[in-house]
Amino acid sequence: MRYISTRGGLIGGQVSAPFSTVLLEGLASDGGLSMPESYPRAELDAWRPLSYPALCLEIVSRFVDDIPRDALKAIIDKTYTQEIFSSAEITPVRELEPGLSLLCVSNGPTLAFKDIALQLLGNLFEYVLEREGRVINILGATSGDTGSSAEYAMRGKRGIKVFMLSPHKRMSAFQQAQMYTLDDPNIFNLAIEGTFDCCQDIVKAVGGDTAFKKQYHLGAVNSINWARVMAQIVYYFKGYFAVTRKNGEPLDVAVPTGNFGNILAAYVAKQMGLPLRRLILATNENDVLDEFFKSGHYRPRSPEETHATSSPSMDISKASNFERYIFDCVGRDSTVMRDLWAQLAQHGGFKLTEQVHQRVQASGFVSGRSTHIDRLQTIRDIYCRYGVMIDPHTADGVKVGQEYRETGVPLLCVETALPAKFAVTIEEALGKTPPRPEIYADIEQRPQHYKVLPADAGAVKAFMRERLI
């Protein structure tokens, strides 16, 4: 399996690169994202009875052929354990009623779905860096959950330093405390005066500085790193096998969406042959992607137009992984991709041709929007009807998912975080405080370690230089 750039440029100095190069490089030299040259075909009958680690090995080994299978198995077995994820199933399914279930992917160390991929990413990084005698300095951006998941996965890892950008005062108190209370010497938290999109723009600008990237061995853990998407593909297969009785039955999945990585993994699983019918994309008030899937017009908002909402991890206007999806929709034509992203840079958006828009409509995506009032009502409804407490992001997914629900086709809603991370909204909805693990009992009261910086790539580079030289 080799990887190519969405914009036709080089990855690590190569037109097509192996997995380990993609793992460490992040952005391609032309600013594009890495994509596998083709999608492997699923073996549903053989995979259905497998445990989560065994299923992960079968899927991941199709995308990774430059790490020996026995070494890959050891990495996966080390990652997906009951001790780390509180369940031998790793991503158990909770049935709310016949035909409506939650895919519980938020039982890792930081109580968010990002742990599924980032725990694996941390162990892959450590293996490849040690094998090649290299170090890496990770620059990432988070809207709330990626940061803590990455830091908990990378803390104490040999040869790794993490510089994580987050939007100043735009996360929940719990999310902020999860990151900022870490005092590991290889972890640096930077609170950026702006939105998540400002943070993400800085990461792309610094990563696009080829000289800086090479000099300081820069890598990425954001969902621009293909390994993140790859790891998430696994739980869509696991969820399908748990909900259906036999292969070939249709399944709809509803996914709350910010940076498009989670639902992109569902899309890739569908391309591999998983019988997913509808990919139901839910946005919050930041509804750029809902507008796109309904109109074919992609029009990211400015930082000033990006709302701060009660589902803050979805307060994103420019979804990085969206580029990977469009790459497929335009027939993997890098010339078209460069033109579209030039339009995006010059005019703030682009409109698809009718032919490409038809491909979008045929790809299985549908979309909808959820607001604060919707979130509160959905949280109350699920709790009153089933005694199950869900977080506001999951509520967005459930609300939109139910709008598209059809008799005879089961609906699987992805639970992307636990309610403990968003106590203020849960208390507003239910009048009660969500339970939290004992390890996080007093986390908001612990000392916090972070640096506030302006939304400026030069300021971030200067901070990093002082700590890397």
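The legends below describe close-up views of a predicted model.

Local features are given only at pLDDT of at least 70 and side-chain atom pairs only at pLDDT 80 or more, whereas totals for chains, interfaces and linings use all residues. Residues are numbered from 1 along each chain as its sequence is written, and side-chain values use heavy atoms, with hydrogens and water left out.

View A. Strands are DSSP runs of E with at least two residues, helices are runs of H or I with at least four, and both are numbered from the N terminus. Two strands pair if DSSP finds at least two bridges between them. Strand 6 and strand 7 run parallel and are joined by six bridges. Ser166 stands opposite Ala191 of strand 7.

View B. Axes are lines fitted to C-alpha atoms, for helices over the stretch in contact, and angles run from 0 to 180 degrees between N-to-C directions. Nine of the nine residues of helix 7 are buried, so the helix is largely enclosed by the rest of the structure. Buried means under 20% relative accessible area, exposed means over 50%, and partly exposed lies in between (1.4 Å probe, protein chains only). The buried residues of helix 7 include Thr146, Glu151, Tyr152 and Met154. Among the elements that cover them are helix 6 (114-132), helix 8 and helix 11 (226-243). Gly156, which follows helix 7, has a positive phi near 80°.

**View C. Helix 8 and its cover.** Helix 8 (residues 173-180) is mostly covered, with seven of its eight residues buried. These are Phe174, Gln175, Gln176, Ala177, Gln178, Met179 and Tyr180. Their cover includes helix 7 (146-154), strand 6 (160-167) and strand 7 (187-193).

**View D. Strands 9 and 10.** Strand 9 (residues 251-256) and strand 10 run parallel, joined by five bridges. Ala254 stands opposite Ile280 in strand 10. Six of the eight residues of strand 10 (residues 276-283) are buried, so this strand is largely enclosed by the rest of the structure.

**View E. The crossing of helix 17 and helix 19.** The axes of helix 17 (residues 372-386) and helix 19 (residues 423-430) come within 9 Å and cross at roughly 70°. That makes helix 17 roughly perpendicular to helix 19, a class that covers angles of 65 to 115 degrees. Helix 17 contributes His372, Leu376, Ile379, Arg380 and Tyr383 to the contact, and helix 19 contributes Thr425, Ile426, Glu428, Ala429 and Leu430. Contact means heavy atoms within 4.5 Å. Six of the contact residues are nonpolar, two polar and two charged. Ala, Val, Leu, Ile, Met, Phe, Trp, Tyr, Cys and Pro count as nonpolar, Asp, Glu, Lys and Arg as charged, and the others, Gly among them, as polar.

**View F. Gly99 in its loop.** Gly99 is in the loop between strand 3 (93-97) and strand 4 (100-104). At 29% relative accessibility, Gly99 counts as partly exposed. Leaving aside residues up to four places away in sequence, Gly99 touches Arg405, Pro410 and Leu411. Gly99 and Tyr80 are 19 residues apart in sequence, and their C-alpha atoms are 28 Å apart in space.

Definitions and conventions. Parallel < 35°, antiparallel > 145°, perpendicular 65-115°, else oblique.
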